[in-house]
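The sequence and structure come first.

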Amino acid sequence: MNLDYLKVFYVVANNKSFSKTATDLHLSQSSVSTQIKQLEEQWGCQLLERTTKKISLTPSGEILYKKVNQFFALMNETKNELEELKGTVHGDLKIGASLTIGEHILPVLLANFLKAYPKVKPQLKVYNSEQIVEKLLKHEINLGFIESMLSYPTLKQVPFLRDELIIITSPQHPLTQHQQVSIEDFLTLPFIIREKGSGTRQVMEDTLRKGGVDASKLNVIMELEHTESIKSSVEAGMGISIISKSAVQKELGLQTLKQLTIEGISLYRDLYMIYHEEALQHTSRKLLEFIHSRDGFLVP
């Protein structure tokens, strides 16, 4: 049995596309088609239904896909056990993270992790949540870090950090003399918000709602796509915003931004790790153990 053929079949089954599989595996589309055809000839059955609009698994393909998934998981488990016997932790660690986590939280965490395991080679890339899921399903990354839970029951999702959301304002804003604002005054202030459809915006609106604030009544004057743009606009005195405290630690320290609170309301959200539990590599498991062992880091 040719393992390369199985890998091609597995990726096609996940992508439901020959062309995308060819791109992902750096093959020609004809090579992908040939390998699938040869695999079907070896098994003596059709594995994929091909139409002009889509590709889907046949009943035989469903059986093979399930077994291939189990096979790759078993091989990964075997590799982990052999690595444990060596007594060292080394190798690649491929991570996908949302923007705030990837830029402001994981760099510090990984720096501490590498002090304990210097032979690990992390690769951290920023993606949106759907891209992280896609890359996990195709085993292109080992771990994902996202800002809210997703509806993917085949993937394990575990809270790893309680993140504080804070109101930020320019140091010149009159309200900074009080540091605290009433709900009524808060709703009248010019507000800068992430664009519609943003996961960060959804989390912010949900968190406000839980705190008793109707997000639809915010005095929104501008929608922006990026956290850095929001910080710059607030620094320029255009309005206030709500943002992860981890994303503005530097600005708060330099006092280019100030923090406000709403009377009687605390704004927190849980951040999540997401992964294939059966496909975790040795380096990934060690990072999970490291996160769980850190006092005050894991959500209670």
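The lining of the largest cavity divides into nine nonpolar residues (Ala, Val, Leu, Ile, Met, Phe, Trp, Tyr, Cys and Pro), three charged (Asp, Glu, Lys and Arg) and five polar (the others, Gly among them). The model is predicted: local features need pLDDT of at least 70 and side-chain atom pairs pLDDT 80 or more, while totals for chains, interfaces and linings use all residues. Residues are numbered from 1 along each chain as its sequence is written, and side-chain values use heavy atoms, without hydrogens and water.

**Cavity**
- On a 1 Å grid over the protein atoms alone, a cavity is a set of points where a 1.4 Å probe fits but cannot get out; a pocket is an open set with protein on both sides within 12 Å along at least five of seven lines; lining residues have an atom within 4 Å of a point.
- The largest cavity is lined by 17 residues, with Arg 194, Thr 200, Ile 230, Ile 242 and Ile 243 nearest its centre.

- Lys 7, Phe 72, Lys 138, His 139 and Gln 281 are the closest to the centre of the largest pocket, among 28 lining residues.
- The lining of this pocket has twelve nonpolar, seven polar and nine charged residues.
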